[in-house]
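User: I am new to this structure and would like to learn how to read its features. Could you guide me through them, giving the general idea before each case?

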Amino acid sequence: LSVASVEDPVVMSKIRQNLREKHARHIADLRAYYDSEIQSLKQQLESSHRTAASEELKKINHSLADRCDQLDAALNEASARIKTLENKNNLLEKQVADWRERFYAISDNSKVLQERLEEMRSTHKEKDNTISRLKSRLKELEEAFEKAYKLSDNKNTRLQEENRMFQNLLGEYESLGKEHERVKDTLNTTENKLLDANTEIADLKRTILKLEAQLKQVEHENALKLRH
């Protein structure tokens, strides 16, 4: 079984149905064969009881009776073994289904984290551009402030206004700087989560392959037992 086949529920359903049908046919064939053998031996016993009563025939009858018991025991043992293999096969199928569901859930979560990471990178880039513009504007205001200060000491009102604008802009710059740091921290956290999700996805893939190998081994043992 390949990973693609395991991920297809229709293929897995057909495989399980074929296995059940094969098991049912093999069990029916075995039961018919042993029933035929037992019936034949019983007929021989009845015939020997009717035709002769010698000590040799009694030994033969006893041997035939032992053979019937052995065939009954073999049939019961084969049926029990087949039932055990079927149960183990069903358990492995459930485990594969559980791991597949978990794999899908983690894959979806990884996609969401990837999308969020891309959005945060875009936002981070926009904030970097905004900070660059603010730096340029701040530099322009500093130059204008210094120029105005040198030109005249009598323009106190204008200087105070420009100083107020400068302080406001400086506060906005600091606020954006803090926001930028928070975005960087969030971006690092998201990247770590994405890395963990990718690692868990790889572990789940290895687990699914291991379960597939176990399932294939069980089916192989089952086939060998049925042929035996």
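**Reading charged pairs and their surroundings**

Analyst: R182 is partly exposed, its relative accessible area being 48%. Please keep in mind throughout that this is a predicted model.

User: Which residue does R182 meet in a salt bridge?

Analyst: The general idea is that side chains of opposite charge can pair when their charged atoms come close. Here, the side chain of R182 meets that of E179 in a salt bridge, at 2.3 Å from N to O. Both residues lie in helix 4, 3 residues apart, which is about one turn of the helix. E179 counts as partly exposed because its relative accessibility is 25%, and the buried class requires a value under 20%.

User: How many salt bridges does the structure hold?

Analyst: The count comes to 7 salt bridges. One of them joins the side chains of R102 and E200, at 2.9 Å from N to O. R102 belongs to helix 3 and E200 to helix 4, so this pair ties together parts that are 98 residues apart in sequence. R102 is partly exposed at 42% relative accessible area, and E200 is likewise partly exposed, at 28%.

User: Where do D203 and R206 lie?

Analyst: D203 and R206 both lie in helix 4, 3 residues apart, or about one turn of the helix. Their side chains meet in a salt bridge of 2.1 Å, N to O. D203 counts as partly exposed, at 33% relative accessibility. Elsewhere, salt bridges with shared partners join E118, R121 and E191 into one network.

User: Which residues form the negative surface patch?

Analyst: A patch is built from residues that have no salt bridge, with like charges joined within 9 Å. In this structure, D35, D66, D69 and D72 form a negative surface patch. Helix 3, residues 55-151, gives the most to the negative patch, with 3 residues. D69 is found in helix 3.

User: How many aromatic pairs are there, and are F103 and Y104 stacked or tilted?

Analyst: A search of the whole structure finds 2 aromatic pairs. The ring centres of F103 and Y104 are 6.0 Å apart and their planes stand at 50 degrees, so the pair is tilted. F103 counts as buried, at 10% relative accessibility, whereas Y104 is partly exposed, with a relative accessible area of 34%.

User: Finally, where is Q167 found?

Analyst: Q167 is found in helix 4, which covers residues 156-227. Q167 is partly exposed, with a relative accessible area of 41%. The C-alpha atoms of Q167 and L138 are separated by 9.9 Å, and these residues are 29 residues apart along the chain.

Terms used: Residues numbered from 1 in each chain as written. Predicted model: local features only at pLDDT ≥ 70, side-chain atom pairs only at ≥ 80, totals over all residues. Heavy atoms only, no water. Helix = DSSP H or I, 4+ residues; strand = E, 2+ residues; numbered from the N terminus. Buried < 20%, exposed > 50% of the residue type's maximum accessible area, 1.4 Å probe, protein only. Phe/Tyr/Trp six-rings, centres within 6.5 Å; stacked < 30°, edge-to-face > 60°. Patch = residues over 30% accessible without salt bridge, like charges linked within 9 Å, V, L, I, M, F, W, Y side chains within 5 Å. Areas by Shrake-Rupley, 256 points an atom, 1.4 Å probe, with all protein chains shown as cover. Salt bridge = Lys/Arg side-chain N within 4 Å of Asp/Glu carboxyl O. Lys, Arg positive; Asp, Glu negative; His and termini not counted. Charge placed at Lys NZ, Arg CZ, Asp CG, Glu CD.
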